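The following paragraphs lead through a few strand pairings and then through an interface between domains. Please keep the sequence and the model in view while reading.

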Amino acid sequence: MAVLVLADHDNAHLRDTTHKTVTAALNLSKDVDVLVLGNGADAVASAAAKIAGVRKVLLEQSPDLGQSIAEAEEAAILPLMANYDAVLIPASTSGKNTAPRVAAKLDVSQISDVVEVVDANTFVRPIYAGNALETVQSSDAKKVITVRPTAFKAAADGGSASVEKIADQPKAPKTRFVSEEMVKSDRPELGAAKIVVSGGRAMGSAEEFQKVIEPLADKLGAAVGASRAAVDAGYAPNDYQVGQTGKVVAPALYIAIGISGAIQHLAGMKDSKTIVAINKDPDAPIFQIADYGWVTDYKTAVPALMAALG
Amino acid sequence: MKVLVPVKRVVDANVKVRVKSDQTGVDLANVKMSMNPFDEIAVEEAVRLKEKGLVEEIVAVSIGVAQAQETIRTALAMGADRGVLITTDTDAEPLAVAKLLKALVDEEKPGLVLMGKQAIDGDNNAVGQMLAALLDWPQATFASKVEISGDKASVTREVDGGLQTLSVDLPAVVTTDLRLNEPRYASLPNIMKAKKKPIDMKTPADYGVDTAPRLKVLKVTEPPKRSAGIKVESAEDLVMKLKNEAGVL
Ligand SMILES: Cc1cc2nc3c(=O)[nH]c(=O)nc-3n(C[C@H](O)[C@H](O)[C@H](O)COP(=O)(O)OP(=O)(O)OC[C@H]3O[C@@H](n4cnc5c(N)ncnc54)[C@H](O)[C@@H]3O)c2cc1C
Ligand SMILES: Nc1ncnc2c1ncn2[C@@H]1O[C@H](COP(=O)(O)O)[C@@H](O)[C@H]1O
């Protein structure tokens, strides 16, 4: 059986979610190809060709693909599926946008957010905000799978696959890109960071969030996350949201500050290796999963922590 | 323009579900059920479009057990005009739901389908995109802002890294994210009025759609439990433990 992996990237850099999805794919088959859809993404394709275990890289480019327009991505993937038994797509917002279109066109059930490959037909996935794990067996001839990258180790570099260009230029005639507003930051990406510092509703304002959470993150070389309450209130940008309906992270260290620990938040961070919670309410549910809990006011605790870190 | 709003009956967001000991699923006996929160946001958005005079009629549709009528009544009380309930006993997979919705779209010919990005029970995040693909319509998922002008919708989307704005030709499928709006509570008079609004009762057979599952659930298990660790009393203590015990600094 042959498996296609859709690369996750920003046209300049390949994200390590791709390496993790390759690992999931290698659990299914030895014949794993990577598809890069983008615009001006030659460097991404070269990076994908270096992933150990990848047989070949397919590169297809167009302006619409460069903007991750789902209709164009579907048009690019669909004809390729004649040659593959499965396509694995990292569960990024872009992957979640495109994968179901491919599944519908192939008339197969998508298997969403897979965290374990049991065998070629059997997969484990979280449901109910991760409060249950479902093992499903697919009877579809072809599989369309989105992969939760945090559940898999990144495949190492060391390969030297060939890059094959596909000449088609898939377009999405009824959809036009208008603009984007990306958060600029020198910090590591939330999904890939080794340490994440997250702030919650307790911050009370965007200024306070920036004054308290960001310097601590910078001191630790960490990414910044937030609860939904903090994002809804405008203390932090939308793409900082960690949780069931935001980003799923699993860093070596997750520090939750002024976050109560609602099930929807826990769904996005409870697989972190070490969890620290700073909260003034000793009964906050976050303490039930924290390795190190500190019952205190963050207003004094965070400056003390900054000082102790030196 | 007519708007179709699919609404799913799901376990309430505040309930922490329990896995059944025989591993056949989660225990739904005596659990509070509600409209999927993202669908509430979709209904609210449709009602606001109607209040702005951009929409004439809102049709709420649910696929599920007979009690999903209550979910439709909630949508009607918020301001939807009529409902369609397609009853099934088995929990239809996203592909089957999308096929049923496509059949209904072919019949109703709405100019817009507004729906949730994700049902918080199965967490699939798939139906809207599948429906758009089956219809060959454009899609704008994870919307935090929707503006309709003429035969186009401008939609701001919450994506990894920030926000993206797309312009899509109508008809289109738009799925909602949390920050699109804050849904209203239905007033008592509107709840009373909703009781008189019509709900069409249908079955998948009426649309010729096969809803047989493609995925067989072999088992449903509890995720590995994390237990509470220890409490620290000072910053020095915490930093020391993170360095020496956890080895993460
Ligand atoms: C459909 C749906 C999807 C959702 N998706 C997500 C999601 O993806 N991610 C997410 O995070 N949430 C999500 N939520 C929301 C979730 O249910 C909670 O409402 C949210 O996580 C609460 O955020 P919080 O912990 O910051 O706020 P709160 O629950 O208000 O907690 C604030 C905490 O700060 C503490 N505190 C206050 N002052 C101080 C102080 N001075 N020092 C120390 N501690 C202090 C308080 O004791 C409290 O525990 C979702 C909800 C729904 C319905
Ligand atoms: N059984 C259903 N009845 C009505 N709408 C549904 C149903 N299942 C899913 N939907 C719609 O599809 C959206 C996405 O669901 P899902 O892809 O299952 O996460 C939901 O927010 C609903 O708007």
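Two strands are said to pair if DSSP finds at least two bridges between them, the strands being DSSP runs of E with at least two residues, numbered from the N terminus. The model is predicted, so to speak of local features pLDDT of at least 70 is needed, side-chain atom pairs count only at pLDDT 80 or more, and totals for chains, interfaces and linings use all residues. Residues are numbered from 1 along each chain as its sequence is written, chains are lettered from A and ligands numbered from 1 in the order in which they are written, and side-chain values use heavy atoms, without hydrogens and water.

In chain A, strand 15 (residues 274-279) and strand 16 (residues 292-295) are parallel partners joined by four bridges, with I278(A) opposite W294(A) of strand 16. Strand 16 of chain A also runs parallel to strand 13 (residues 230-231) of chain B, to which two bridges join it, and there G293(A) has K231(B) as its bridge partner.

Chain A is divided into domain 1 (2-166) and domain 2 (195-309), with bounds from an automatic or database domain assignment; their C-alpha centres lie 31 Å apart. Six residues of domain 1 of chain A are in contact with eight of domain 2 of chain A, contact meaning heavy atoms within 4.5 Å. Between these two domains about 550 Å² is buried, 53% of it given by carbon and sulfur atoms, where buried area is the accessible area (1.4 Å probe) lost by two parts on being put together, summed over both. Of the area that domain 1 of chain A buries against domain 2 of chain A, A129(A), R148(A) and T150(A) supply 73%, more than any other three residues.
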